[in-house]
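Let's take a walk through the aromatic side chains of this model.

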Amino acid sequence: CSRSLDMQKNEILKRGIVLRVSEFKEADAMVNAIGEEGFFSFFARGIRKISSKNAPATQPFSYSEFSLFQSGSASLSLKEASPLRFYGAMDESLVSSFFLSFLQEVSLKVVQEDEAAPCFPYLKGVLDRFRAGQDPLALGLLYFTKVLSIGGYGLEVGECVRCHGKKGIVSLSYEEGGFLCSDCFDPDNDEKTPIRHLQIARFLFRCGIEDFPRAEWSGEESLAFYQNLADYFESQTGMRLKSISLLKAL
């Protein structure tokens, strides 16, 4: 009886989205996931076997419930996994492949440990919309801008970064981190930004999850934002996003 109670004490339940599965030995793997409480990882014995009942719930972009055993060293190992929803690509299009690769890289490379919990709802939000058939390119931008904002790299799209005025916005300066108004705009050093671009930028950085269904713009407009934001992020952190190179194939 006491042994049974001890086992129950060492078992925990977690829900999360699988981000990466790393092969370990012949049929085992380490699984990295993100949930409401942040990142977590666990050892999964035998999940790479064809006969593994836990394999479907431990695929990348599976949203699952995991029954985990916690050892004395605080490491976690999988006891049982139940799939709740699969967010992987339903087709083999290059756009879907880029979207998932981009989300994976941003989640694993850009999101910091203390940022994972607040980023999780946005990741799940864009994946829910992806599963509903919304444009993956727009959804990827939504997630990236939310991650940037949570990490302290969000662009100021509510006022001019120089004078803090809210009227007459004419430019988005990535170098200065946000909007510029007509009074502060320097034609010798600044470039004017199309109104449509300003509107999309404002939506990206200020919208909530409930607004995600309204994210609609052309693929060409999305591609411009990806490159600009990736360059901006690299200038701020020195980190280059490899998945951005996939845009050339789209």
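Phe98 and Tyr226 are both buried, where buried means under 20% relative accessible area, exposed over 50% and partly exposed in between, with a 1.4 Å probe and protein chains only. Before going on, please note that this is a predicted model, in which local features need pLDDT of at least 70 and side-chain atom pairs count only at pLDDT 80 or more, while totals for chains, interfaces and linings use all residues. Residues are numbered from 1 along each chain as its sequence is written, and side-chain values use heavy atoms, leaving out hydrogens and water.

Across the whole structure, a search turns up 15 aromatic pairs. Rings of Phe, Tyr and Trp (its six-membered ring) pair if their centres lie within 6.5 Å; planes under 30 degrees apart count as stacked, over 60 as edge-to-face and the rest as tilted.

Take Phe40 and Phe42: their ring centres are 6.3 Å apart and their planes at 25 degrees, so this pair is stacked. Phe40 has 10% relative accessibility and therefore counts as buried, and Phe42 is buried at 0%.

Now return to Phe98 and Tyr226. Their planes stand at 80 degrees with the centres 5.1 Å apart, so the pair is edge-to-face. It links distant parts of the chain, 128 residues apart: Phe98 belongs to helix H2 (residues 94-110) and Tyr226 to helix H6 (residues 219-237). Helices here are DSSP runs (H or I, at least four residues), numbered from the N terminus.

Definitions and conventions
Helices (H or I, at least four residues) and strands (E, at least two) are DSSP runs, numbered from the N terminus.
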